[in-house]
Number of protein chains: 2
Amino acid sequence: MKVDGEHYRTIWIAADDPATVLAIDQHKLPHEFEIMRLCAVDDFVAAIKDMRVRGAGLIGAAAGYGMYIAALTAPQDRAQFMFVAAEKLLATRPTAVNLAWAVKRQLRATEKCVARDDAVRAALRTAEAIADEDAESCRRIGLHGKELIIKAAEKKRGGTVNILTHCNAGWLAFVDHGSALSPVYAAFDEGIKTHVWVDETRPRNQGAALTCWELGRHGVPHTLVADNAGGHLMQHGMVDLVLVGADRVARNGDAANKIGTYLKALAAKDNGVPFYVALPSSSFDLEMDSGLANVPIEERDASEVCFVSGKGSEGKVTTVQICPDGTQARNWGFDVTPARLIDGLICERGICAASEKEINNMLKDVV
Amino acid sequence: MKVDGEHYRTIWIAADDPATVLAIDQHKLPHEFEIMRLCAVDDFVAAIKDMRVRGAGLIGAAAGYGMYIAALTAPQDRAQFMFVAAEKLLATRPTAVNLAWAVKRQLRATEKCVARDDAVRAALRTAEAIADEDAESCRRIGLHGKELIIKAAEKKRGGTVNILTHCNAGWLAFVDHGSALSPVYAAFDEGIKTHVWVDETRPRNQGAALTCWELGRHGVPHTLVADNAGGHLMQHGMVDLVLVGADRVARNGDAANKIGTYLKALAAKDNGVPFYVALPSSSFDLEMDSGLANVPIEERDASEVCFVSGKGSEGKVTTVQICPDGTQARNWGFDVTPARLIDGLICERGICAASEKEINNMLKDVV
């Protein structure tokens, strides 16, 4: 997508140095737009852990590039080095399935290579393929999801379609285009009047910081609200459609996504507002039969709840403590929305119901 | 309740000066404990508007004292002065019914007084009565609500009862004891093992700042969570009871409370967790037949969403901006939880169902 008129992906190989991966530093957004250099496996591990790169698709792509850098920087015992790199990357974030999916794909792609150059070439090809497929899947999610917005616009006789989204499932969360926001961009670019309610998404405020930033750069009208506001908005007819992403969708259609998504799904159901989850097929976990019972939910550092970062009075990013000294806090990163609350899953292959039968049918020829 | 071993109310007349009302400055909490002086009607208007005094009961008590100060400082044309004071106070916060209730009670108490001294005496008596009744009602809410916690403890065979609360409906929101937290204090003081999940309550973080502070001062175990976390907690059996306050409950049992309460009520219903609203009878609005249709919802300044205040690195309270420059935001202060999601209303008179019949029955001899 575009930043100040220039096209960017969230992650890419430096044009002048194939041993350097570049990525937008999402810690710095929205106050600074900075590109960071990733040259060693540990750079990738730290960037994913600190959420400098984050979001289901982008984590997968970053892991793919990380494994390429592992192949490139491996010593004699390449297999062992790649295995350790894989372990380190897998340990960074437990909830998103794309991470494991990308790492395993790289291990498969390189395991039979004997010569170093072959392994590096295979890993590069795979990393680029993961990134390209992610971008293309997201573009196609936009085409399918756009139809829901067009339908809503028709129902409103051309009135503005109000879409609520939680966290950031925009292009910053993927390589390009995004999942939940891809339909918004597609509809907006086609001239459909759209407006997005952006949940700030505590504790890390990805909605306030990232979703507002990327929608603003593209010119899509949007309004920031506290996470608490969505129920009130839906009770009063101010939301036509809820679009969220997913970090993992189980075989039964349960969707793990940023903590708080489940509350919005309940409000949508209670008020008859359509609730859709957008995801590339790489975010399905067909080996998991129930999301609610089985998705591992990452618990992050309590300091993310007790402290809030933002731009201080002198323009510098600073951190404030919002609770008394010594307050105990807990910080789960995700929750699981049961399939019964989801009106449909928007995938690059089309839209299907959140049910085992329809998911299997949609994905039947996916390797 | 106690602060460092000393008993405090949230608002009181200065012992050495009957023309000065003192109150805890809730803007300064939790980082500083400061008492502010209110000596003119405009001091009260500003304190209520800026939420230096806030919470359903405390707003009512503050309005009562404000009208007393109006009587005390009125010039010759007392009636006109009191009327203007009433108008100013009524305009500060639209959602809480206690404000209007207290102002009207003061107008009634003083309207027939001819002599200045009579009017001042009547206003003082009424202000003190409003405050005393508020404290006593809250104490009694604690006695009734405590039974729910005892019942939950029995069900858990003496295991810790986990209570989730939203915003601050503790003693800081009233004159003393609180509404939603009064049962917690009563149960805790009786040795029942209790633990409170405290929603931080964006955008103003009253949970993080005030509820954590007052629970901590009393020694009640508690854990701060993002507003987004409550659904996950309830899905995983980590909440036994939800206790919240209310700014206004309509005749049909619909309860207006801090924005986000409705989302927690939906999650409670979806997971079979009992959801109770605690309020003194002064917070009922029997003239309003439907809360959802009729309660006026205050919209506050958008800056409360875009900026977060807290203690900065040098120990001073500072403010940070969490979104891009120029981001548009909206900031509704309350939402309405429909009666169908409420398991009961805890009042100083007992616990009743959230239905017109039971509410009428409970309140039938309230003037």
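In this predicted model, the centres of domain 1 and domain 2 of chain A, taken over C-alpha atoms, sit 25 Å apart. The bounds, 2–133 for domain 1 and 145–362 for domain 2 of chain A, come from an automatic or database domain assignment. Because the model is predicted, local features need pLDDT of at least 70 and side-chain atom pairs count only at pLDDT 80 or more, while totals for chains, interfaces and linings use all residues. As for bookkeeping, residues are numbered from 1 along each chain as its sequence is written, chains are lettered from A and ligands numbered from 1 in the order in which they are written, and side-chain values use heavy atoms, with hydrogens and water left out.

Where the two domains of chain A touch, domain 1 puts in 33 residues and domain 2 puts in 31, contact being heavy atoms within 4.5 Å. The size of an interface is often given as the accessible area lost when the parts come together. Here the buried area (accessible area, 1.4 Å probe, that two parts lose on being put together, summed over both) is about 2700 Å² between domain 1 and domain 2 of chain A, with 57% of it from carbon and sulfur atoms. On the domain 1 side, A:R54, A:T95 and A:V97 lose the most area to domain 2 of chain A, together making up 22% of what that side buries.

Two salt bridges are counted between the domains of chain A, the rule being a side-chain nitrogen of Lys or Arg within 4 Å of a carboxyl oxygen of Asp or Glu. A:R93 and A:E298 form a salt bridge, with their closest N and O atoms 2.9 Å apart. There are also 18 residue pairs in polar contact between domain 1 and domain 2 of chain A, both residues at pLDDT 80 or more. A polar contact is a pair of N or O atoms within 3.5 Å; within protein, one must be able to donate a hydrogen and the other to accept it, and residues adjacent in sequence count only if both atoms are side-chain atoms.

In chain A, the elements giving two or more residues to the domain 1 side are β1 (2–3), α2 (56–73) and α4 (97–110), and α2(A) gives the most, with four residues. Helices (H or I, at least four residues) and strands (E, at least two) are DSSP runs, numbered from the N terminus.

Turning to the two chains, 64 residues of chain B are in contact with 64 residues of chain A. Chain B and chain A bury about 4800 Å² between them, and carbon and sulfur atoms account for 60% of that. B:N228, B:L263 and B:I322 supply 15% of the area that chain B buries against chain A, more than any other three residues. Six salt bridges are counted between the chains; A:R340 and B:D270 meet in a salt bridge through their side chains, at 2.9 Å from N to O. The chain B–chain A interface also has 28 residue pairs in polar contact, both at pLDDT 80 or more. Several elements of chain B each supply at least two residues to the side that touches chain A, including α7 (206–218), β8 (222–225) and α9 (261–271). Of the elements on that side, α9(B) gives the most, with seven residues.

A:T223 lies in strand β8 (residues 222–225) of chain A. This residue is buried (under 20% relative accessible area, 1.4 Å probe, protein chains only), at 1%. The side chain of A:T223 makes a polar contact with that of B:Q328, at 3.1 Å. Beyond its neighbours within four places in sequence, A:T223 is in contact with A:H195, A:V196, A:W197 and A:V198, along with B:Q328, B:A329 and B:R330.

How values were computed: Buried < 20%, exposed > 50% of the residue type's maximum accessible area, 1.4 Å probe, protein only.
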